Amino acid sequence: MPLPSRLLPALVLLLAGSPGGAWVPNHCRAPPDTVCNFVCDCGDCSDETQCGYNGASPARSAPFACSFEQDSCGWRDISTSGYRWLRDRAAAALGGPGPRADHTLGTDLGWFAAVGTHRGKEPSVAALRSPVLREAAPTCELRLWYQAASADVAELRLELTHGTETLALWRSSGPWGEGWQELVVAPGRVRGDFWVTFSATRNATHRGAVALDDVTFRGCGLPTPQASCRLGHHRCQNQACVEPHQVCDGEDNCGDSSDEDTPRCHGHIPTDFEMGLGLWHRTEGWTRNHSASVPARPAWPRRDHSRNSAQGYFLVSVAEPRAPALLYSPELQASGPHNCSLILYHYLHGSQTGRLRLYLQAQGPHAPRDPVLLRSRHGELGAAWVRDRVDIQSEHRFRILLAGQTGPGGVVGLDDLILSAGCTPVPEASRSPSGPWAPVPRPQLVGLQPQGPCEPGHLRCGDLCVPPEQLCDFRPQCEGGEDEQECGTTDFEAPPTGGWEDASVGRLQWGRLPAEESRGPGTDASGAAAGHFLSLQRAWGQRTAAARALTPPLGPSGPHCELHMAYFLQSHPQGFLALLVVEGGARELVWEARSSSSAWKADTVLLGQRRRPFQLEFVGLVDWEGPGQQGAGVDSVTLKDCSPAVATKRDTEVSCNFEQHTCGWHTGHLTDAHWHRVESRGPGYDHTTGKGYFMLLDPVDPPARGPGAHLLTQPQTPAAPQQCLSFWYHLHGPQIGTLRLVMRQDGKDVHLWSRSGTQGNRWHQAWATLHHPPDAGAQYQLLFEGLRDGFHGSMALDDLALRPGPCWAPKHCSFEDSACGFSTGDLWMRQAHATGHAAWGPRADHTTETTHGHYMIVDTSPQALPRGHAASLTSEEHQPLAQPACLTFWYHLSLRNPGTLQVRVEEAEQHQVLSISERGGLAWRLGRVAVQAQQAWRVVFEAVAAGVEHSYMALDDLLLRDGPCPRPASCDFETGLCGWSHLSWPSLGGYSWDWSSGSTPSRYPQPPVDHTLGTDAGHFAVFETGVLGPGGRAAWLHSQPLPPTQASCLRFWYLMGFPEHFYKGELRVLLSSARGQLAVWGAGGRLRHQWLEGQVEVASAEEFQIVFEATLGGQPALGPIALDDVEYLAGQRCQRPVPNQGDSVPAIVPATVGGALLLVLLVLLGLTGWQWLWKGGCPSRDRTVAATPGFDNILFNADQVTLPASITNGP
């Protein structure tokens, strides 16, 4: 299962460097047989670069990783069809079935390896192979993250090839979960050269979208020769050193097998099952088998441990709980109290109910009859052989009993049982008269053996059999509550440990220990020196994984569910102690110890409402062999108020300002991203007082990879047939996603409201009307869903209020989630082109500019709306206006004449304010209506048909703002963007311009004052270029479509706020039309931190848009580019300004978009010379004063002529 990456500073290596950088080898020449052997033989580790990973640290404990950010790390595609692997990123495959973000960065700018979708007629296999690797240690672990669409891929496979044998390390036919999934495999000891191959199989009907990221090799390097070994360590023949417990353990830890061929090992009794069972005996249930012909069980071991080969033999059992399989040793005698031990390698995979127990059965007439449980392993431990060691102390002769049992689909395996020299077989003549048989032990834990008439897994209490799904559901079924006793709540004084079971596979484990025997405070949490608690302790596993302890399956839980506990963590910075929730194969971090302390501390963790089944998991890691007495412990664990039936008075409080608490709102657990109640600080401030509390969704604090988060209420009873929910929201940042309000009723979700993209650095008010069915018993839930696009931006909510009655008409409507209360009649329809009912209409909406975006449309064809007939679209009542306002809307008319679109404002009486009857086109156009209303009013859009076939009218993005309507493409930004669109373009990286003021706190740098007012209260448009990188090249702010013009003047003021000696930022003005884009003006950051005037004269023979492009010429650097007082003077030529001291005023250059073909030919003829002058001949030439600026960036799509382009296709 995946472990949240922020937990593991000791297990995860963060790779640095530019994503676009290339590997440059140094002059170190390591011997060929030491290259790619997981050991840094060169001082800079250059011999371990391009090995399927990039060596970044010479430390032996550091992992070797490949994030694909710099390059492919030597991985290469070996596919033989069009179904192939390539290095890719999400932004380069817009709209495809692949990942929306990589795993390393969690954004669409990160890189990964992916299989391009391919629709062939035959099954295909895409294979990605590592370079040749050498000599993997027994502790080697390979981790990677993959993503696959279950409907697109037939099979995924990870294979290791060495010599003539290819081993299947992992194979899966799905289904796979959503998002990135972690895969962890243990290749084991591999001698000589080998390579790893990750392959995806696509059926003829599948597209086969698969992605791979963050490949990490950990613990794979063999020990290197040392001048001397630490006291007690074993010195290998190759001068390397290994730990004492690695000698005679059945694994080649030295690399030359000298740790397994030493006089210390001569008295050991190993059994590898290659030739039989050796001294061991078995009952029915255990089978000696191998992996060469794997039965139809996905969990079956793919190789044995002894030979690490599919041809090697092992012991395997698929025994059900009713009849455990039993393996028992001969009668043994310990030669001393501390020198008899058993090393074994076990395998538990495929079932959460699998279990392996090791018992000691004393022999002889005076020996105890009941077997003593020495070790129990339970649950899913992964597809790997796990080492364990059991030390045996017995005055009597004894047998060792190994009992294995599993659930459906599970497998239990054994291999390499090694009895130490102190375990002496008793001669047959001296054995106990009871013979070779020993009684089958009865498991001591409840629920695994049939209990009277109850089925396996059921719990019997009195006459009741409690099924497994009702155990630990926080609702007692038994009178004495036995079904809720082993469910996590415990003080660890009684041996059952409250249901917590160790699931560790590494060198640390969790165990119940007396306080005086464990590392730590010396007492339990209550202060008792004789008390017990759950403590980290030394284990015998060969891997470096963290220790894990899990509860049984729990739930469902209610929103008030909390875990109370005491803990201590005494560790250096690389250690940690954390609590995770395991649910549906995913592991969510819900708590982490904040600091190291040897004293007990108390804490409370809100678990919240969760579906069944989920498990709680304590994860801990310390440097056991490091300096100081490092350790960790947990005590006094209590699960409180976890029943879904638990209710509080606050559950009905929907109205909330979050100053005291979250009222009736609680966090959902859709992903690892969560809403948090936070206090105003720095750039984050609440709406109520500016200093209080609010709800915040920030994807970087703490880091989260989930696509979104839920904030929801408990089920509510309607107080009226209609209710109005008003709230204040804050969406800010250059790469923010969507905030949505949903009402959940009778199992259905009704979308009430949504906003996408940045809405400026300020709080906005919104409201939505809740319509309830007549059935008074129907309850509902409200849910705010935040869906993110990246890591740059945050969402916030504050001051929610619910009242009876309908809301006023909304000030903003995008039609994405509803018709916003408009009365549509029978003719206007809300639709998206991809799923719409109308056979014609705009191919994309205006809000999202995609085929999935929604708009309102009316069919004006004669059969739908006869000539001269009208179809009305009427809003709900708007509240009276305290000052004049401007209502803007975007409309789209068909190329065939649809008729006339009339706009009326209805107050005390109707009056028409606008009539549109122009020819249609391919673009959305902006309409404006000045509104003055001292009473409640409505707006009516009326389509009067012209009687033309295949004609339509469409509306989108209505917005009511205070103040008069500005001129087209002109804006002082005091009340908003005035129709300038800041929609993020995925092809440019998905970033947006924002809107802010100097007085508003912001996490991003911005000008202290605007240009219009010259104060910090004034507003401006701004973009922070520091978020740009190799995947995100620019952000666009573009005007409404403008009519053709022979000469018009564009004036504006701009500010570049870059650090000293860092002039990488650039602001450019583009003209965009159907023929392409033309750069007509540009300025770099030479003059900083002051408002400068810019102007350019434009001309176009066809409809066009003005685009302001903020871009970056080098590595990211914090620095804003801001705009203010944009003025478009239609039909007026520019007057050359008088330059101020220090100003850099560009030359006035007329520019025409879509000129004659002769111009194109002239440009082509002069291109070579121009490029020489621009880039080579005159390196000091200033772009802003060039005679013909921007012509090296022209894209003439219609003429099929493409010149060097740093500008991607636009809207």
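Valine 581 has glutamate 588 as its bridge partner in β36. This pairing belongs to a larger arrangement in the predicted model: strand β35, spanning residues 576-583, runs antiparallel to strand β36, spanning residues 586-592, and six bridges join the two. Together β35 and β36 make a hairpin, with two residues between them. Glycine 584 sits in the turn of this hairpin and has a positive phi of about 60°.

How confident is the prediction, and what is the mean pLDDT of the protein chain? The mean is 82, and 83% of the residues reach 70 or more. Some stretches call for more care. Over residues 435-451 the pLDDT is below 50, and this stretch has 43 contacts in the model beyond near neighbours in sequence. The pLDDT is also below 50 over residues 1138-1211, where the model shows 134 contacts beyond near neighbours in sequence.

Disulfides come next, and the structure holds 18 of them. One of them is formed by cysteine 36 and cysteine 51, whose sulfur atoms are 2.0 Å apart. The torsion about this S-S bond is about -75°, so the disulfide is left-handed. Both cysteine 36 and cysteine 51 lie in the segment before β1 (64-66), 15 residues apart. Cysteine 36 is buried, with a relative accessible area of 5%, and cysteine 51 is buried too, at 0%.

Another disulfide joins cysteine 454 to cysteine 465, with an S to S distance of 1.9 Å. Its torsion of about -85° makes this disulfide left-handed. Because cysteine 454 lies in the loop between β27 (423-425) and β28 (459-461) while cysteine 465 lies in strand β29, the pair ties together parts that are eleven residues apart in sequence. Cysteine 454 counts as buried at 1% relative accessibility, whereas cysteine 465 is partly exposed, with a relative accessible area of 29%.

A further disulfide links cysteine 472 and cysteine 487, at 2.0 Å from S to S. Here the torsion about the S-S bond is about -75°, so this disulfide is left-handed. Cysteine 472 and cysteine 487 both lie in the loop between β29 and β30, and both are buried.

That loop, between β29 (464-466) and β30 (501-502), is also the place of glycine 499. Where glycine 499 and cysteine 487 are concerned, the two are twelve residues apart along the chain, and their C-alpha atoms are separated by 5.4 Å. Is glycine 499 buried or exposed? With a relative accessible area of 11%, glycine 499 is buried. Leaving aside residues up to four places away in sequence, glycine 499 touches Glu486, Leu550, Thr551 and Pro552.

How values were computed
Residues numbered from 1 in each chain as written. Predicted model: local features only at pLDDT ≥ 70, side-chain atom pairs only at ≥ 80, totals over all residues. Heavy atoms only, no water. Helix = DSSP H or I, 4+ residues; strand = E, 2+ residues; numbered from the N terminus. Buried < 20%, exposed > 50% of the residue type's maximum accessible area, 1.4 Å probe, protein only. Contact = heavy atoms within 4.5 Å. Pairing = 2+ DSSP bridges. pLDDT = per-residue confidence, 0-100. Disulfide = S-S within 2.5 Å.
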